Amino acid sequence: MACKYIIVLYFLPDLFACFSLAVRDLSNLVKAEDIITSEHLTTLLAVVPKYSQKDWVSSYETLTSYVVPRSSKKLYEDNEYALYTVTLFNRVADNFRTSAREKGFQIRDFEYSPESHESRKQELEKLVEDQESLRDSLLQWCYTSYGEVFSSWMHFCAVRVFTESILRYGLPPSFLACVLAPSVKAEKKVRSILEGLSDTANSAYWKTEEDVGGGMAALAGDADAHPYVSFTINLV
């Protein structure tokens, strides 16, 4: 389900705005009046680096012969590129592409068709509907699965506490496991009380290096060691 949702998002026009003009779909940026197509004339779409626009404006008419003067118009601009049109004779289109590429301008292959444009519009409307439907289903699945995942996580933590306690205190089991949720300000006080309750002859071995200048905590490299078994669970 999550994969289907991501695929639908990939094809939505809102997401295309995140892509560069060099690769994104141009159908929603180009209008019918921007394109001239006849027996002798054609309109090309040029992707120009943002900081090379002055170079494009001053040079596009001379990249090849038979370019219509002052025919270039900027349609769109993003963070990296600008999209320009240019009208010229069909017979020099290939020469223009080659010269433009040498100057660092990319000519995008694009053919405007009212039928395909309308088909694309309907396709995008369907994608929006599918996106909303999949999003609702995915959220419902997340709400349902969260409880199961959280319950499994708590079970794993309980098993970990039991195992660590057996390893530390040995058999037979003789310890109390509980869940405490102190506030941030009260945490230090609570830990101090727990250390007092757990104070035995071997407690010093589980204190931090700062407390006793060494011990099991220093040997294990664990700066959060205590004379009792403790695991912190961070809930967001």
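Predicted model: local features only at pLDDT ≥ 70, side-chain atom pairs only at ≥ 80, totals over all residues.
Residues are numbered from 1 along each chain as its sequence is written, and side-chain values use heavy atoms, with hydrogens and water left out.

The largest nonpolar core comprises 16 residues, among which Trp56, Val86, Leu88 and Phe96 have the most contacts inside it. Such a core is a set of buried Ala, Val, Leu, Ile, Met, Phe, Trp, Tyr and Cys residues joined through side-chain atoms within 4.5 Å; buried denotes under 20% relative accessible area, exposed over 50%, and partly exposed in between (1.4 Å probe, protein chains only). Strand 3 (81-89) is among the elements that supply at least two residues each, and strand 3 gives the most, with four. Helices (H or I, at least four residues) and strands (E, at least two) are DSSP runs, numbered from the N terminus. A second, separate core of eight residues includes Leu26, Leu29, Ile35 and Leu83.

Six salt bridges were found in the whole structure, each being a side-chain nitrogen of Lys or Arg within 4 Å of a carboxyl oxygen of Asp or Glu. In one of them, Asp34 pairs with Lys73, with the closest N and O atoms 2.7 Å apart. Asp34 lies in the loop between helix 2 (13-16) and strand 1 and Lys73 in strand 2, so the pair ties together parts 39 residues apart in sequence. Asp34 is buried, at 9% relative accessible area, while Lys73 is partly exposed, at 39%.

The side chain of Ser72 makes a polar contact with that of Trp56 (2.9 Å). A polar contact is a pair of N or O atoms within 3.5 Å; within protein, one must be able to donate a hydrogen and the other to accept it, and residues adjacent in sequence count only if both atoms are side-chain atoms.
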